[in-house]
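This report walks through helix packing, cores, selected residues and backbone geometry. Keep the structure open while reading.

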Amino acid sequence: MSTATFSSICFNQGFLRKCEVKNRNQRVKPNVGGASVLSTKCMQSSEKNKKEVRIGLLGASGYTGAEIVRLLTNHPYFGITLMTADRKAGQSMGSVFTHLATQDLPTLVSVKDADFSHVDAVFCCLPHGTTQEIIKGLPRHLKIVDLSADFRLRDIAEYEEWYGQPHSAPDLQKEAVYGLTEILREEVKNARLVANPGCYPTSIQLPLVPLIKAKLIEHGNIIIDAKSGVSGAGRGAKEANLYSEIAEGIYSYGVTRHRHAPEIEQGLSDAAQSRITVSFTPHLMPMIRGMQSTIYVEMSQGVMIEDLYQQLRKFYEGEEFVKLLDKGVVPRTHNVRGSNYCLMNVFPDRIPGRAIIISVIDNLVKGASGQALQNLNIMLGYPENTGLLYQPLFP
């Protein structure tokens with residue numbers, strides 16, 4: 001008998017004894033191999049009871065909220081005990097997202113009716129502008145990962161300029177840690193409130209920050225051509241997102257004024273320790289999820305393409321979720337769909353002294369909910385890949 005088989009049988013038998021104590025009147029049928037067939041109800045109950053961390057999910061009716069639920073389905077330590085969705089209050093999550101109907105989840109409630117006495121940590125998936133007031137009112141014992149833009153920009157004046165309203169929680173802003181996991185892991189580890197990065201800034205900063213820190217590229221003339229699936233615009237009904245408006249075409253939006261621009265520049269400027277301004281244009285693509293950033297840079301004097309490649313290889317060596325592909329392999333959004341991976345590569349431009357960097361992520365996972373879970377794992381002392389080892393869905 002193999003060790004794996006022996007362990008499996010011992011686990012099942014021990015598990016059965018615990019179930020039998022609790023459910024003495026339930027009949028458990030033996031299978032042909034002599035091991036026990038556990039009742040679904042018993043298994044679900046035991047699984048739910050062994051979760052160590054009680055999770056609150058605010059704004060569960062959006063795409064990022066649904067992704068949090070999907071990812072937590074296989075998380076051995078995190079269990080959802082509270083879910084809010086003001087416009088869907090009183091409904092089940094399965095009625096809002098039918099693909100989650102098989103999950104045993106709390107009924108949705110409004111934020112004002114939320115009880116945080118049985119919650120240890122919170123994912124906040126609310127729209128920007130509403131999040132500051134809500135987080136300001138949460139109990140101080142909670143660990144919080146905020147997926148909105150409300151705490152990403154350190155300069156509250158810059159926040160007001162780009163988001164059109166004053167910041168209503170400046171003291172919390174001072175406390176918030178920007179959660180670009182692979183770059184700021186140590187800061188995330190000790191944080192109470194993490195501002196989860198935006199999708200475009202994640203796909204752009206991951207390849208550029210190591211190159212800027214190593215002084216391998218010039219700070220001026222960085223051009224970023226980024227493309228996203230429609231899910232990045234959220235689940236709300238908008239005319240611009242109708243099928244007939246999106247299908248069979250490409251739509252450039254937020255030209256020179258996209259709200260992720262100051263977030264990108266903040267991170268790159270931190271790496272350079274001087275002000276960096278980029279040329280950034282996002283495009284909406286006729287696909288559901290996925291993001292590609294194609295970045296054009298000027299190499300520093302005497303630097304070659306091989307230097308860029310080796311710096312990225314060295315910087316991300318041993319990282320679980322950021323992968324530099326073999327030389328010449330072009331990253332594709334198909335190869336990260338549904339996963340927390342970022343794939344990247346660097347290529348020589350036809351213009352001497354310039355390079356082209358391509359980075360791809362799933363905008364809903366590494367660009368949102370997956371990175372949020374990665375951050376909370378770190379904040380609570382769990383292996384950061386816990387619940388995140390879903391492989392990309394292909395084809």
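## Helices H9 and H12

In this predicted model, H9 packs against helix H12 (residues 305–315) at an angle of about 110 degrees. Their axes lie 10 Å apart. The angle falls within 65 to 115 degrees, so H9 is roughly perpendicular to H12.

H9 brings Pro 207, Pro 210 and Leu 211 to the contact. H12 supplies Leu 308, Gln 311, Leu 312 and Phe 315. By class, the residues of this contact are 6 nonpolar, 1 polar and no charged.

## Helices H3 and H13

Helix H3 covers residues 63–72, and helix H13 covers residues 365–379. The two pack at an angle of about 50 degrees, with their axes 9 Å apart. That angle makes H3 oblique to H13. The crossing of H3 over H13 is right-handed.

Which residues of H3 and H13 meet? From H3 come Thr 64, Glu 67, Ile 68, Arg 70, Leu 71 and Leu 72. From H13 come Val 365, Ala 368, Ser 369, Gly 370, Ala 372 and Leu 373. The contact of H3 with H13 has 7 nonpolar, 3 polar and 2 charged residues.

## Glu 67 in helix H3

Glu 67 sits in helix H3. Is Glu 67 buried or exposed? Its relative accessibility is 4%. The cut-off for buried is under 20%, so Glu 67 counts as buried.

Residues up to four places away in sequence are set aside here. Beyond them, Glu 67 touches Arg 289, Leu 364, Val 365 and Ser 369. Val 365 and Ser 369 are among the H13 residues that meet H3.

## Overall fold and cores

The protein has 13 helices and 13 strands. Of its 395 residues, 51% are buried. Consider contacts between residues at least 6 apart in sequence: 69% of them join residues at least 24 apart.

The largest nonpolar core holds 47 residues. Leu 208, Ile 224, Phe 280 and Leu 308 have the most contacts inside this core. Helix H9 (residues 199–213) gives the most to the core, with 8 residues. Leu 308 also takes part in the contact of H12 with H9. Another core, of 41 residues, lies apart from the largest one. Its members include Phe 123, Ala 191, Tyr 341 and Leu 388.

What does Phe 280 contact, leaving aside neighbours within four places in sequence? The list is Tyr 200, Ile 204, Ile 224, Ala 226, Thr 256, His 258, His 260, Ala 261 and Ile 264. Ile 224 is itself one of the residues with the most contacts inside the largest core.

## The loop between S4 and H6

Arg 152 lies in the loop between strand S4 (143–146) and helix H6 (156–163). Its relative accessibility is 7%. That value is under 20%, so Arg 152 counts as buried. Residues up to four places away in sequence are again left out of its contacts. Arg 152 touches Leu 147, Gln 173, Tyr 178, Ala 195, Asn 196, Pro 197, Gly 198, His 260, Glu 263 and Gln 266. His 260 is also in contact with Phe 280.

Asp 155 is placed in the loop between S4 and H6. With 41% relative accessibility, Asp 155 counts as partly exposed. Asp 155 and His 167 are 12 residues apart in sequence. Their C-alpha atoms are 9.6 Å apart in space.

## Backbone geometry

Most residues other than glycine have a negative phi, and most peptide bonds are trans. Some exceptions follow.

Lys 215 has a positive phi of about 60 degrees, although it is not a glycine. Lys 215 lies in the loop between H9 and strand S7 (223–228). At a relative accessible area of 64%, Lys 215 is exposed. Asn 221 lies in the loop between H9 and S7. Asn 221 has a positive phi of about 65 degrees and is not a glycine. Its relative accessible area is 44%, so Asn 221 is partly exposed.

Where is the cis peptide bond that joins a Phe and a Pro? The partners are Phe 394 and Pro 395, with omega of about 0 degrees. Pro 395 belongs to the segment after H13.

Definitions and conventions. Residues are numbered from 1 along each chain as its sequence is written. This is a predicted model: local features need pLDDT of at least 70, side-chain atom pairs count only at pLDDT 80 or more; totals for chains, interfaces and linings use all residues. Side-chain values use heavy atoms; hydrogens and water are left out. Helices (H or I, at least four residues) and strands (E, at least two) are DSSP runs, numbered from the N terminus. Buried means under 20% relative accessible area, exposed over 50%, partly exposed in between (1.4 Å probe, protein chains only). Contact means heavy atoms within 4.5 Å. Axes are lines fitted to C-alpha atoms, for helices over the stretch in contact, and angles run from 0 to 180 degrees between N-to-C directions. Angles under 35 degrees count as roughly parallel, over 145 as roughly antiparallel, 65 to 115 as roughly perpendicular and the rest as oblique. A crossing is left-handed if the near helix is turned anticlockwise from the far one by less than a right angle, and right-handed if clockwise. Ala, Val, Leu, Ile, Met, Phe, Trp, Tyr, Cys and Pro count as nonpolar, Asp, Glu, Lys and Arg as charged, and the others, Gly among them, as polar. A nonpolar core is a set of buried Ala, Val, Leu, Ile, Met, Phe, Trp, Tyr and Cys residues joined through side-chain atoms within 4.5 Å.
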